[in-house]
Amino acid sequence: MEQINSTKEWQELNNYRNKINLKELFNSDPNRAKDFAIRTQHLYYDFSRQLIDRKVFELLLKLADKAKLKEKISSMFAGEKINKTENRAVLHTALRSFSSTEVNEVLSKIEQFSCKVISGGHLGATGKKLKNIISIGIGGSYLGPEYLAQALRPYAIKGMNLRFIANVDGSDFAEKTIDLNPEETLFIVVSKTFTTAETMKNAETAKKWILKALNNHPESILKHFAAVSTAKEKATAFGIAPENIFGFWDWVGGRFSATSAVGAVPLSLYLGFECFKIILHGASFMDEHFKNTSFEKNIPVICGLIDIWNINFLGFKTRALLPYFQGLSKLPAHTQQVEMESNGKMVDIEGRPVGFDTGEVVFGEPGTNGQHSFYQLIHQGTQTIPCDFIGFIKSQYNLNEDGITHHEELMANFFAQPDALAFGHKNFPGNRPSSSLLLEELNPFTAGLLLSWTEHRAAVKGFIWGINSFDQFGVELGKVLGLKIREEIIKNHKNKDYKVSKESYPASHVALNSFFEKKLPS
Ligand code: F6P
């Protein structure tokens with residue numbers, strides 16, 4: 001298949017990169033605000049401030065057709081092995097379609113387990129109720145579930161608290177457990193492979209922490225540990241009881257696993273299983289929209305196409321995700337993994353080097369905090385950063401205020417910032433692109449909807465670029481190098497005089513050898 005940048009459609013877009021001025025577009029097209037927006041059940045998506053006109057929009061849709069986007073989306077939903085390098089299907093959508101027997105069986109087992117823990121039917125080894133849930137995992141075994149937990153804190157079951165331990169840095173474990181009673185604590189070891197070094201290290205430390213506190217009570221692991229993994233035999237070998245191991249499948253990518261047991265187990269214990277099911281319904285709503293809506297009204301498709309226009313034709317390599325809602329403070333971090341681990345690739349799905357930019361650097365903070373941090377560059381910097389604003393009609397908290405409320409103060413900025421970027425102000429140049437997503441309220445349904453929107457937007461770009469958005473060999477190198485230096489540290493443990501050579505580590509030998517001596521290089 002020809003690479004997308006050698007197609008006529010790509011060249012037409014390239015030729016059409018004429019200066020688009022938003023002020024002129026809005027002045028000349030009275031229907032722009034209405035026509036460059038999509039209203040679907042549960043959300044309103046406004047892309048009228050993006051640097052596109054009707055011609056660009058039409059050309060982008062042609063590019064999607066040339067890339068056979070519709071067929072690729074259908075292949076994904078049909079369970080074809082589109083993840084060619086790992087010979088796997090990509091079926092995270094099956095986790096929330098409620099039509100898979102094996103998925104429904106796992107969900108039923110999770111429902112029973114979470115109900116027993118919450119009701120006190122499953123107590124700790126010393127007979128105490130388990131109320132501290134600690135999910136140990138990293139990357140996709142952490143970021144999506146943490147986004148959802150943070151977004152839905154108002155929905156937490158009274159008395160239940162959920163924490164995440166991800167980093168191998170011992171301060172993560174120490175600070176997340178320092179104030180907890182081990183007798184009331186349940187660890188969930190979440191790892192698709194059950195081999196990730198950080199997670200295994202934290203799991204071993206958790207095991208020691210519980211055994212020490214419970215004086216090696218024989219039921220310590222049985223009562224205080226559960227696991228989520230595709231590698232059940234490894235979880236069993238760790239000592240976790242089979243009835244406390246919840247599986248998922250290799251057709252669920254790590255960064256796409258929040259609606260599998262990876263998210264279901266910790267979130268059902270924290271929010272209740274019924275609440276987690278609503279998350280699934282929200283994600284499924286967006287899946288159906290993505291699968292069935294014609295591209296000119298398809299929100300993830302249009303988001304992906306505009307991203308490509310900004311990255312490959314206007315040269316904007318970063319994107320800011322600016323949720324005007326504190327509860328979405330962990331959405332940027334989750335989006336970073338979904339976007340940058342999926343599309344940070346330099347070869348296409350046939351293994352050929354790509355001749356264009358793929359991926360994008362995504363960052364973000366909730367509004368209005370970001371306004372007091374990095375918006376100076378966004379408004380007046382020499383580089384343009386397309387922004388995505390997310391806002392809600394309702395707040396999650398009612399502070400019984402009179403006059404203008406906190407939420408209205410927040411939303412005043414949600415509405416003002418995109419206009420300031422688009423149209424400028426005094427010595428603000430303006431003509432800076434953004435999109436806005438407006439939803440009714442942040443609840444389990446819309447939190448799930450936003451998760452699915454994030455997943456499909458990244459997939460659209462990979463499909464059009466012709467890369468494999470579903471493998472992640474780039475992270476394997478880091479893991480291998482980490483293990484090599486870990487071996488050096490063990491050698492130094494055995495022989496305090498052991499040093500690494502300049503030949504082996506031309507850049508890091510000085511610092512590494514002084515680390516062995518527990519001091520800074522002289
Ligand atoms: O970052 C690399 C990666 O493999 C991610 O794709 C994955 O989400 C994370 O590490 C954790 O992997 P596991 O769930 O197997 O512990």
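**Pockets and aromatic contacts in a predicted model**

Student: What volume does the largest pocket have?
Tutor: The volume of the largest pocket is about 1,100 Å³. Please bear in mind that this is a predicted model.

Student: Which residues are closest to the centre of that pocket?
Tutor: Ile138, Thr196, Ala197, Glu198 and Lys479 are the closest to the centre, out of 40 residues that line the largest pocket.

Student: What about the second largest pocket, how much space lies in it?
Tutor: The second largest pocket holds about 490 Å³. It is lined by 18 residues, of which Phe325, Ser395, Gln396, Tyr397 and His407 are the closest to its centre.

Student: Which helix gives the most to that lining?
Tutor: Helix 17 (residues 406-423) gives the most, with four residues.

Student: Where does the second largest pocket lie relative to the domains?
Tutor: The second largest pocket lies between domain 1 (4-87 + 280-395 + 405-465) and domain 2 (97-271), because both give residues to its lining.

Student: Changing topic: how many aromatic pairs are there?
Tutor: The count comes to 28 aromatic pairs. One of them joins Trp249 and Trp251, which are stacked at 4.9 Å centre to centre, with 5° between the planes. Both Trp249 and Trp251 are buried.

Student: Tyr498 and Phe516 also form a pair; what is its geometry?
Tutor: Tyr498 and Phe516 are tilted, with 6.5 Å centre to centre and 40° between the planes. The pair links distant parts of the chain, 18 residues apart: Tyr498 is in the loop between helix 19 and helix 20 (509-516), and Phe516 is in helix 20.

Student: Is Tyr498 buried or partly exposed?
Tutor: Tyr498 has a relative accessible area of 21%, so it is partly exposed. Phe516, in turn, counts as buried because its relative accessibility is 7%.

Student: Which residues form an aromatic cluster?
Tutor: Phe173, Phe187, Phe194, Trp209, Phe225 and Phe238 form one aromatic cluster.

Student: What sits over the ring of Phe238?
Tutor: The charged end of Lys207 does, 4.1 Å from the ring centre. Likewise, the charged end of Lys109 sits over the ring of Phe246, 5.1 Å from its centre.

Methods. Residues are numbered from 1 along each chain as its sequence is written. This is a predicted model: local features need pLDDT of at least 70, side-chain atom pairs count only at pLDDT 80 or more; totals for chains, interfaces and linings use all residues. Side-chain values use heavy atoms; hydrogens and water are left out. On a 1 Å grid over the protein atoms alone, a cavity is a set of points where a 1.4 Å probe fits but cannot get out, and a pocket is an open set with protein on both sides within 12 Å along at least five of seven lines; lining residues have an atom within 4 Å of a point. Grid points are joined across faces, edges and corners, and a volume is the space filled by probe spheres set on the points. Helices (H or I, at least four residues) and strands (E, at least two) are DSSP runs, numbered from the N terminus. Domain bounds come from an automatic or database domain assignment. Rings of Phe, Tyr and Trp (its six-membered ring) pair if their centres lie within 6.5 Å; planes under 30 degrees apart count as stacked, over 60 as edge-to-face and the rest as tilted. Buried means under 20% relative accessible area, exposed over 50%, partly exposed in between (1.4 Å probe, protein chains only). A charge sits over a ring if NZ of Lys or CZ of Arg is within 6 Å of the ring centre and within 35 degrees of the ring normal.
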